[in-house]
Amino acid sequence: MTARSGDKLVGFVNVIGDGGAHAVLLDTCVSPDRQGEGIGRELVRVAAQEARHRGSRWLHADYLSEHASFYEDACGLRPTRAGLLDLTPSTS
């Protein structure tokens, strides 16, 4: 999903899915000079609507704690526990 002001890109979010019940938000971004205008919230809303339309039941997002108010308060996501495996090669 993209957000534009005229011909200028002001925000975007990527969504991936498993072809079934799950979709994942990736890289929600809004130009720094346009943050706080509701652009990101609208991008997530439209992404959720499109994922639902395509058959997803769940929309996932990983985010840092400093972004929790955006995802949880503004966009309605609820926090969950998740696992993470670091796949970078070990240097030891």
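**A guided look at the model**

Mentor: Please note at the outset that this is a predicted model.

Trainee: What is the phi of aspartate 27 near?

Mentor: It is near 60 degrees, a positive value in a residue other than glycine.

Trainee: And is aspartate 27 buried, exposed or partly exposed?

Mentor: Aspartate 27 has a relative accessibility of 49%, so it counts as partly exposed. The cut-off for exposed is over 50%.

Trainee: Let us turn to the helix. How far apart are the end C-alpha atoms of H1?

Mentor: They are 21 Å apart. Helix H1 covers residues 39-53, and its 15 residues should span 21 Å at 1.5 Å a residue, which agrees.

Trainee: Which residues of H1 are buried?

Mentor: The buried residues of H1 are Ile39, Gly40, Leu43, Val44, Ala47 and Ala51. Viewed down the axis of H1, they fall within an arc of 135 degrees, so they line one face of the helix.

Trainee: What do the buried residues of H1 pack against?

Mentor: They pack against strand S1 (2-5), strand S2 (8-17), strand S3 (22-30) and helix H2 (68-74).

Trainee: Which residues are exposed on the other side of H1?

Mentor: Arg52 and His53 are exposed there. Just after H1 comes glycine 55, which takes a positive phi of about 100 degrees.

Trainee: What about arginine 45: where is it found?

Mentor: Arginine 45 is also in helix H1. Its relative accessible area is 42%, so it is partly exposed. The side chain of arginine 45 makes a polar contact with the side chain of glutamate 42, at 2.7 Å.

Trainee: How many residues apart along the chain are arginine 45 and alanine 74?

Mentor: They are 29 residues apart along the chain, and their C-alpha atoms are separated by 9.9 Å.

Trainee: Now for the loops. Which residue is found in the loop between S3 and H1?

Mentor: Serine 31 is one of the residues there. With a relative accessible area of 17%, serine 31 is buried. It touches Leu9 and Val10, not counting residues up to four places away in sequence.

Trainee: And where is the place of glutamine 35?

Mentor: Glutamine 35 has its place in the loop between S3 and H1 as well. Its side chain reaches the backbone oxygen of valine 30 at 3.0 Å. Glutamine 35 and valine 10 are 25 residues apart along the chain, with their C-alpha atoms separated by 9.2 Å.

Trainee: Is serine 56 buried or exposed?

Mentor: Serine 56 is buried, with a relative accessible area of 16%. This residue lies in the loop between H1 and S4. Leaving aside neighbours within four places in sequence, serine 56 is in contact with Gly20, Ala21, His22, Ala23 and Ala51.

Trainee: One last topic. How much space lies in the largest pocket?

Mentor: The largest pocket holds about 720 Å³ of space. Of the 26 residues that line it, the closest to its centre are Leu59, His60, Ala61, Leu77 and Arg78.

Definitions and conventions:
Residues numbered from 1 in each chain as written. Predicted model: local features only at pLDDT ≥ 70, side-chain atom pairs only at ≥ 80, totals over all residues. Heavy atoms only, no water. Helix = DSSP H or I, 4+ residues; strand = E, 2+ residues; numbered from the N terminus. Expected span 1.5 Å × (residues − 1). Buried < 20%, exposed > 50% of the residue type's maximum accessible area, 1.4 Å probe, protein only. Arc of directions from axis to C-beta. Contact = heavy atoms within 4.5 Å. Polar contact = N/O pair within 3.5 Å; in protein donor to acceptor, adjacent residues only side chain to side chain. 1 Å grid on protein atoms, 1.4 Å probe; cavity = no way out; pocket = protein on both sides within 12 Å on 5 of 7 lines; lining within 4 Å. Points joined across faces, edges and corners; volume = space filled by probe spheres on them.
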